[in-house]
Amino acid sequence: MMQISDEITLANIVDEVLAENPSQITMYHNGKTNMFDYFVGQVMKKTRGQANPVKVKELLTEKLAQ
């Protein structure tokens with residue numbers, strides 16, 4: 001099993017997950033920080049567990065801060 005570490009590929013998947021979950025983003029911004037793990041889980045689900053979790057967390061942190 002290959003690990004997906006390509007930042008562009010992962011960024012697209014992260015964008016997809018965030019676009020599909022606007023209410024969860026609102027919950028996250030309203031202080032429900034455990035939603036971060038939900039987003040990581042959704043990315044891992046879309047990639048069948050092949051996404052590099054460190055890269056995913058970096059991208060999510062960056063995108064959710066915007």
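Q: Why is Asp15 called partly exposed in this predicted model?
A: Asp15 has 33% relative accessibility. Buried needs under 20% and exposed needs over 50%, so Asp15 lands in between and counts as partly exposed.

Q: What makes Lys63 and Asp15 a salt bridge?
A: Their closest N and O atoms are 2.9 Å apart, and the cut-off is within 4 Å, so the pair qualifies. Lys63 lies in helix 4 and Asp15 in helix 1, so the pair ties together parts that are 48 residues apart in sequence.

Q: How do you know that Lys55 and Glu7 form a salt bridge too?
A: Here the closest N and O atoms are 3.8 Å apart. That is still within 4 Å, so the label holds. Lys55 sits in helix 4 and Glu7 in helix 1.

Q: What makes Glu20 and Lys46 a salt bridge, and which network do they belong to?
A: The closest N and O atoms are 3.2 Å apart, which is within 4 Å, so they count. This one links helix 1, with Glu20, to helix 3, with Lys46. Through shared partners, salt bridges join Glu16, Glu20 and Lys46 into one network.

Q: Why is Asn52 called buried?
A: Its relative accessible area is 14%. Asn52 is found in the loop between helix 3 and helix 4, and Gln3, Ile4, Ser5 and Leu10 are its contacts once neighbours within four places in sequence are set aside.

Definitions and conventions:
Residues are numbered from 1 along each chain as its sequence is written. This is a predicted model: local features need pLDDT of at least 70, side-chain atom pairs count only at pLDDT 80 or more; totals for chains, interfaces and linings use all residues. Side-chain values use heavy atoms; hydrogens and water are left out. Helices (H or I, at least four residues) and strands (E, at least two) are DSSP runs, numbered from the N terminus. Buried means under 20% relative accessible area, exposed over 50%, partly exposed in between (1.4 Å probe, protein chains only). Contact means heavy atoms within 4.5 Å. A salt bridge is a side-chain nitrogen of Lys or Arg within 4 Å of a carboxyl oxygen of Asp or Glu.
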